[in-house]
Amino acid sequence: MEVYSATNLPTTTFSTSTITGPTTVATAAPYVHVACYVDNLNGRLLSVAEDDNTGSIELCASHCVGAAGGPYAYFGMEYYSQCFCGNAYNESAPASSGCSFSCSANGNEICGGSNAMDIYYNTQLVATAPPQPTPT
C-alpha cells in the first residue's frame, strides 16, 4: 500500500494538440498563389501537364521553372499530385471551393481538388497579380 503526504502526491500532466488540415501554400518562390479555379470546363486551365506527378507545391514550382519550354508564367496543382504549367490560363474561369485535397508528397499542403486547380503565378514573369476569380 502506498501512502502519500501532501508534499509527495503524484502528478499527472496532460497535453492537448490542435488537429489542423492541410493549408494553401502562399508562396513557392518565384511563384505566388492566385486562387482556386474550376478546371476542365472547356479544356485544361494550363496547357502543359508534367508527367511525373510531383505531389507538392514546391516540386511543381521547381518543375515549371526548369521544364522544357519554361520557365513558365503559371503553374497549378490538381487532384493530390497533378502538376500543370503554362504561360496563360483562362482568368475568367469561375472560382472553386473544391481545392481541399492534401498533396500526396506533403500532406500539410493543399494540391487542388477534383476538377479544381490551385493556380500560382511567377512574379519574375508576370508584372501584376492576376485578378481574383468570380465566386460561383
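**View 1. The disulfide of cysteine 60 and cysteine 83 in the predicted model**. The torsion about the S-S bond of cysteine 60 and cysteine 83 is about 85°, so this disulfide (a pair of cysteine sulfur atoms within 2.5 Å) is right-handed. Cysteine 60 belongs to helix H1 (residues 57-66) and cysteine 83 to strand S5, so the pair ties together parts that are 23 residues apart in sequence; helices (H or I, at least four residues) and strands (E, at least two) are DSSP runs, numbered from the N terminus. Cysteine 60 is buried, with a relative accessible area of 0%, and cysteine 83 is buried as well, at 1%, where buried means under 20% relative accessible area (1.4 Å probe, protein chains only). Residues are numbered from 1 along each chain as its sequence is written. Because the model is predicted, local features need pLDDT of at least 70 and side-chain atom pairs count only at pLDDT 80 or more, while totals for chains, interfaces and linings use all residues, and side-chain values use heavy atoms, with hydrogens and water left out.

**View 2. The disulfide of cysteine 64 and cysteine 85**. The sulfur atoms of this pair are 1.9 Å apart, and with -80° about the S-S bond the link is left-handed. Cysteine 64 lies in helix H1 and cysteine 85 in strand S5, so parts that are 21 residues apart in sequence are tied together.

**View 3. The disulfide of cysteine 36 and cysteine 99**. A torsion of about 80° about the S-S bond of cysteine 36 and cysteine 99 makes this disulfide right-handed. Both cysteine 36 and cysteine 99 are buried.

How values were computed. Buried < 20%, exposed > 50% of the residue type's maximum accessible area, 1.4 Å probe, protein only.
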